[in-house]
Each structure stands twice: as C-alpha cells, then as structure tokens.
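Visitor: I am new to this structure. Could you walk me through it in short steps?
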Amino acid sequence: MNEVAKNIVETKIKKLRSGTPIKEFNNNKLAEVEINKFFYNGSMIDRVMVVLRANGCEHYKTNGGCSMCAHYNGTSINNIVTDRNYKKQWDSVLDGTGIEKKDYNFNIDNFPVVCIYNLGSFLNVNEISLEAAKYIFSKLNEHAGVKKAIIESRAEYINDETINNIKSVYSNTIEVGIGVESTNNKIRELCHHKGLDDLKIIKTAVEILHKYNCKALAYINLKPVFLTEQEAIDDAIQTCLDCIEMGFDAISIEPTSLQEHSLANYMYEIGEYRVPWLWSIRDILNEVYKKTGLQSYDFRIGGYFDEEVLSGSQGVGFEGKNELFPHLTSSNCSICTPNFVNKIKEFNCTYDIACLNDIQKCEHCYSIWEETKKIKDSRKIEQRIIDVLGDDYANKM
Ligand code: SF4
Ligand SMILES: [Zn+2]
C-alpha cells in the first residue's frame, strides 16, 4: 500500500470534516424513524428503521472516516450520548412516544423487521456500551411481532463478547450489516479510506456471526472516488463474488450518494467525480448471477425503498431534508432516472431481477453510459490521488 497516497486521502478527508458545522441535538430524541417496504420471507412487508442519536463512528472521529460517508453530520459533536439517553430513546420507540407523526398508530409488533442504526457501529462499546446494547435487545425481545433485527457494525467489533451480549437476551434473528465496500485492499484502503486493511477480519466476523446463528449482510459501496465507471463495476462484481464465497447471507449494493463534507462530495464539486449510473447496477447484478449460477440471492440495493418518515430531526414528511439526507444519489439522465428508481424499489420488494431487465434502453443516455464505460485511466490509483489532491497536501506540509 502506498502510504503517501493514503496520507494524502486522509489529510484531505480530515480537512473536509473540519468544516462540519457543530450541531447539538437532544440526546433523548431519536434521529429518525421511518417505515419502508422490504422483502422478507418471500413477501413484501413494512419494516421500521430507527436511527438512534448516537456517539458517532469512531473511525470517523479518529481517522476522518470513509470517503463516501458523512453520517457524522447527524452526531452531537460535544455531547456524549449516555446509556440513559439510549434507553430513553429506545423506550420512546417501544411505547410510541418517540413517533412525531401523531396520526400514525405506531406499534412495533406490526413490523416483522426492525433496523436499529446508530450512524456508526452498534457493536463498538465506545459508541454504545454493552449494557445499553443489551437493554435494547432485551426490551425488543418482549415484542414477539418482530422477527428480525438489523444492526450495523464495522467488522472488528464483531466478537464473542459483543454478539453473545445481545444474542443471550434476544431469541429471534439478528442480522449484522458489515461495511465491506470492496474486497480489493487497495481500493478499500485508498478509495474508500475504510481503515481495514486485512480482509481476514471480515471473514472472522462472518464466522462469529454464524456461530451465534446471526445473519451476515455485506454492504458493498459501488463507485468510490478515483475509479472509472467500468473499474467500479468490475470491483463491485468481484466483491459480490468474494462476499458470497465468504458466506455472507445477503448483500446490499450501496451506490455512492453525496452528503456534505465527504471526500466524494468534494471530488464531485471539483469535477473529478460522477455518482454511479443506475445502468451499472443492473450490469453488476446480472453478471453476479451469471458467474455464480445462483437463481436467487438476498441482494438489496441500498437507499431505494418507498419510505414514510415518522420522526426526524427536522420534522416529518420531507418538508425539510434532515442532516442525514444525501443531496445527490446514483442516477442516469433526468428522463429515465425516476422510472429506474421505481424499478429498483420494485426489485427491493421482490428480488426479481426481471424488474430491472425489463427497463428499455433510454434514447437520451444509454449510449452515453456505454461510452462512459469505455473511458480508461492508465494511471495507478496512487497517481490519480497525487494528481488530484497532491498539491493541496503539499501546501499543508
Ligand atoms: S461508512 Fe461506516 S465506518 Fe465508514 S465513516 Fe461511515 S459510519 Fe464510519
Ligand atoms: Zn436516460
């Protein structure tokens, strides 16, 4: 790994993060609650997604975080969320008092799948203590209507202690989403700035989850900065194949979207980055099915669900986008994107690739996308980094 290139990326990310406005949030209040459509056990269901106001990702605080992520925008910077705060937030989900949409008759038992996100790693004890995590799952266990809980964690925090802590008090399924991003070390470290240079940590995490009868979900980020469209497609395909090989039970392909104060957003602003084309997502899924011979698999396309916001830090119902909302998501041209997005939502509720394959070639952009895929960059990734960010870095030295 080229340490100079890595330093350049990290220095730039940290500089961008320093521009994140200092926000203070009420630590007893949830960051967001939304209902979205989801495919579960062969049919479309409503799932509830709870975003806890939390202490924020440690990788972000220590190293600047990943190049495409700005979840920290939703974290109280000078204000520690305590166990007491987490418990209050969670109680407000279970008793419905945390639901701002007052005409909504919320009952968690109506949702077979519940996501409990914390804009970081649920299993990092520096973000959520063992006690708070245990409390959340022991209380959830009293709600038999919920069949599956989904949390997210970096791989290094998945161990016997953290999994046993929640599994010992929860009898239904726990699925843990792990940010793999790419199984190519150079891409993961330089382009994603993941700070996880050993794939073995991910493999071990999957094994531990399976040992405790938990499910492993891989998040794969499609098109980090510094890759061409075709390189990004190839990387996502290979990463899907590797994740299936490693035993992941499900994969969510996460096309890069743009949030303020991220490196991806900066690269977009200086004309060095375009979010991935939606056509590319279809390529990836088809190729993975072809290469594996699988007839079906639990593939999701992250970020595309029909949702109803019940609570959010800036009000309910999208009248104001909150601090977590991306300002630009993966797209084709303005003519065909809305239909494509609807088809992705349909795919996410059926896992039927025909939803995507039925989409007709767009006369306005399909050929542009095909031409885009032919663009090559003969430079090594390290050189691309130096060419775009090197001057900025040199001026800091
Ligand atoms: S993607 Fe995950 S690990 Fe990376 S900065 Fe965001 S929350 Fe942290
Ligand atoms: Zn189009």
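What follows is a set of questions and answers on this predicted model.

Visitor: How many helices and strands does the protein have?
Guide: Both kinds of element are present in this predicted model. The count gives 14 helices and nine strands.

Visitor: What does the globule rule give for 397 residues, and what is the radius of gyration of the protein?
Guide: The globule rule gives 21 Å for 397 residues. The computed value is close to that, so the protein is as compact as a globular protein of that length. Its C-alpha trace spans about 55 × 50 × 45 Å along the principal axes. The radius of gyration is 20 Å.

Visitor: What percentage of the contacts with a separation of 6 or more joins residues 24 or more positions apart?
Guide: Take the contacts in the protein with a separation of 6 or more. Residues 24 or more positions apart account for 81%.

Visitor: What percentage of the 397 residues is buried?
Guide: A residue counts as buried if 20 or more other C-beta atoms lie within 10 Å of its own. By that count, the buried share of the 397 residues is 42%.

Visitor: Which strands stand at the edges of the sheet?
Guide: The sheet is open, with nine strands and mixed pairing. Its order is β8-β7-β6-β5-β4-β3-β2-β1-β9. The twist averages 25 degrees from one strand to the next. Two strands each have a single partner, so one side of each is left without a neighbour in the sheet: β8 (298–301) and β9 (307–312).

Visitor: Which residue in β3 stands opposite Met49?
Guide: Strand β2 spans residues 43–51, and strand β3 spans residues 113–117. The two pair in the parallel sense over five bridges. Opposite Met49 stands Cys115.

Visitor: Which strands does helix α10 touch?
Guide: Helix α10 covers residues 278–292 and packs on the sheet. Its direction makes about 155 degrees with that of β7. The strands touched are β6 (215–222), β7 (250–255) and β8.

Visitor: How many residues of the shell around ligand 1 are charged?
Guide: The residues around ligand 1 are Cys57, His59, Tyr60, Gly65, Cys66, Cys69, His71, Gly120, Arg154 and Gly179. Four of the shell residues are nonpolar and five are polar. The charged count is one.

Visitor: Is Asp234 buried, exposed or partly exposed?
Guide: Asp234 lies in helix α8, residues 229–246. It has 16 other C-beta atoms within 10 Å. Buried needs 20 or more, and exposed needs 12 or fewer. Asp234 is therefore partly exposed.

Visitor: What distance separates the C-alpha atoms of Asp234 and Leu199?
Guide: Along the chain, Asp234 and Leu199 are 35 residues apart. Their C-alpha atoms are separated by 18 Å.

Note on methods
Residues numbered from 1 in each chain as written. Chains lettered and ligands numbered in written order. Predicted model: local features only at pLDDT ≥ 70, side-chain atom pairs only at ≥ 80, totals over all residues. Near = placed C-beta within 6 Å. Nonpolar A, V, L, I, M, F, W, Y, C, P; charged D, E, K, R; others polar. Pairing = 2+ DSSP bridges. Helix = DSSP H or I, 4+ residues; strand = E, 2+ residues; numbered from the N terminus. Axes fitted to C-alpha atoms, helices over the stretch in contact; angles between N-to-C directions. Contact = placed C-beta atoms within 7 Å. Rg over C-alpha atoms; globule rule 2.2 N^0.38 Å.
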